[in-house]
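Hi everyone, thanks for making time.

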Amino acid sequence: MDDHIQQAWQFYRKLGSPKFICAPMVDQSELAFRMLTRKYGATLAYTPMLHSRIMTESKSYKDEFFTTCPEDRPLFAQLCGHDPQILIKAALIIQDQCDAIDINLGCPQGIARKGLYGAYLLEKREQVLTIVKELKQNINVPVTCKIRVFKDRKKTLDLTKDIQQAGCSILTVHGRTKEQNKDFVGQCDWTIIAEIKQQLQIPVFANGGIYTWSDVERCLQETKVDAVMSSEALLENPALFSGEIKDLNDLAEEYMQFAKQYNARLSEIKGHLFKLLYTGLQIFTDLRSKLGSAKTYDEHLEVVIELKNKRANVPKEDKLGWYKRYQNFKQPQNNKDKNIQKLENIIQQQDLLLQNNDPKQSE
């Protein structure tokens, strides 16, 4: 085992060998949300993607978008960009406040194509490897990478070996191509993640295809990765990694407490509440409109409290809250988790009770 591989494992173990990861999400993995997920089982969290060039040009950008606290550890800060020198300069600004710098090689959005970063940078193999090497040589914390896969499996496997050789300490693999995005998201390929884990010697994290706690367990078992990262499922259920079903109305209230404590931006608050309270807002559409037009912290909190009060008359036969979106997850029927089916039945019963108790449903 060469020095780099040994150091990578020493680093991972020093972090506490985290297995449950809060993904980097623009406008959504901010400090307040990270602290909520840590409370319920996340053992490592990433900052939202930070733009390296803007970071170096604007102190206010760093102050607004990179916030942390002593309890917010371990923490990986994710940077995007294609210029090694600018990435180094940005990393040096924040390296003392995080445990690693992660290079975004996975963003599939059009803006990443225009800026030549994220998954679009993966096509520039030599440039990617230069970035990893230069960062490793010039900053004081480890360098990690988060990638998407190519349609060509050999191309993917070859690149991941090269990234490891260049000095990456931990590789996170999202098992979808950059083309699998939005309406074309498709099934996440865990088999390629398993192949990458088998061939690499550094720690590997899996990302994609996680909707429930049973998915977390199944992913660890099928891919043999060192950790599982979640994004969308955590946004809809921040207590995902607790392995328990929590009332999302209560979680929304808890999030608001963290949002106040850590001064979350209103755009972040609004985005989280629309996901946390998704089903309730479909039923009580007046509150959905009220949330959409809310312009202060107190106005957002008022919606959370009102929605919880409206639910008070619903029998508390479960702890699921408004988490109805299990029903929208496309899983093979013959492999569907029995607990999920049971939860879906409970939700449908609860929704019928809500509609019967709400006079507006008959209008």
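Aspartate 63 counts as partly exposed because its relative accessibility is 40%; partly exposed lies between buried, under 20% relative accessible area, and exposed, over 50%, with a 1.4 Å probe and protein chains only. Its partner is lysine 59: the two form a salt bridge, with the closest N and O atoms 2.8 Å apart. By salt bridge I mean a side-chain nitrogen of Lys or Arg within 4 Å of a carboxyl oxygen of Asp or Glu. Lysine 59 and aspartate 63 are four residues apart in helix H4, so about one helical turn separates them. Lysine 59 itself counts as exposed, at 63%.

A quick word on how to read this: it is a predicted model, where local features need pLDDT of at least 70, side-chain atom pairs count only at pLDDT 80 or more, and totals for chains, interfaces and linings use all residues. Residues are numbered from 1 along each chain as its sequence is written, and side-chain values use heavy atoms, leaving out hydrogens and water.

Back to the charges. Glutamate 57 pairs with arginine 53 in a salt bridge, at 3.0 Å between the closest N and O atoms. These two are also four residues apart, this time in helix H3 (residues 52-57), so again about one helical turn separates them. Salt bridges that share partners also join Asp27, Glu64, Arg265 and Glu268 into one network. The whole structure has 24 salt bridges.

Now, where do we find the second largest pocket's space? It holds about 400 Å³, and among its 23 lining residues, Asp27, Glu64, Phe65, Arg265 and Glu268 are the closest to its centre. For this audience: on a 1 Å grid over the protein atoms alone, a pocket is an open set of points where a 1.4 Å probe fits, with protein on both sides within 12 Å along at least five of seven lines, and lining residues have an atom within 4 Å of a point. H4 gives the most to this lining, with four residues. By class, the lining has 13 nonpolar, three polar and seven charged residues.

Note on methods
Grid points are joined across faces, edges and corners, and a volume is the space filled by probe spheres set on the points. Ala, Val, Leu, Ile, Met, Phe, Trp, Tyr, Cys and Pro count as nonpolar, Asp, Glu, Lys and Arg as charged, and the others, Gly among them, as polar.
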